[in-house]
Amino acid sequence: MKPGPIEPRRVLFRLRNPLATLPLIYAIFSQRWTTENHLLIWPAALLLGSAGTFIRAWASVHCSYSQRRERELTTGGPYRFVRNPLYIGN
């Protein structure tokens, strides 16, 4: 069987996460020497990034559809407070 043509939309969809990190990497390295208060900026950024990572991990544990179980409405964990905690974690 001959493979079909490559659809650009599918390629971009598969590369969405690496492509989204490129602006972040550029922002980190382009502003390297312009920040004046390192003692405030870096701990705040690390705290915010860690909180987002924790929220995403906590929400992923409570998603039943990502764990190959029967689909049901998730009402525990962070879904108790907000409708989509994965977006908040981002």
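How do the residues of the lining of the largest pocket divide into nonpolar, polar and charged? In this predicted model, in which local features need pLDDT of at least 70 and side-chain atom pairs count only at pLDDT 80 or more, totals for chains, interfaces and linings use all residues. Residues are numbered from 1 along each chain as its sequence is written, and side-chain values use heavy atoms, with hydrogens and water left out.

The lining of the largest pocket comprises N17, A20, T21, L24, I28 and N90, and these divide into three nonpolar, three polar and no charged residues (Ala, Val, Leu, Ile, Met, Phe, Trp, Tyr, Cys and Pro count as nonpolar, Asp, Glu, Lys and Arg as charged, and the others, Gly among them, as polar). A pocket is an open set of points on a 1 Å grid over the protein atoms alone, where a 1.4 Å probe fits, with protein on both sides within 12 Å along at least five of seven lines, and lining residues have an atom within 4 Å of a point.

One aromatic pair is counted, and because the ring centres of F54 and W58 are 6.0 Å apart with planes at 25 degrees, the pair is stacked (rings of Phe, Tyr and Trp, the last by its six-membered ring, pair if their centres lie within 6.5 Å, and planes under 30 degrees apart count as stacked, over 60 as edge-to-face and the rest as tilted). F54 counts as exposed at 54% relative accessibility, whereas W58, at 31%, is partly exposed (buried means under 20% relative accessible area, exposed over 50%, and partly exposed in between, with a 1.4 Å probe and protein chains only).
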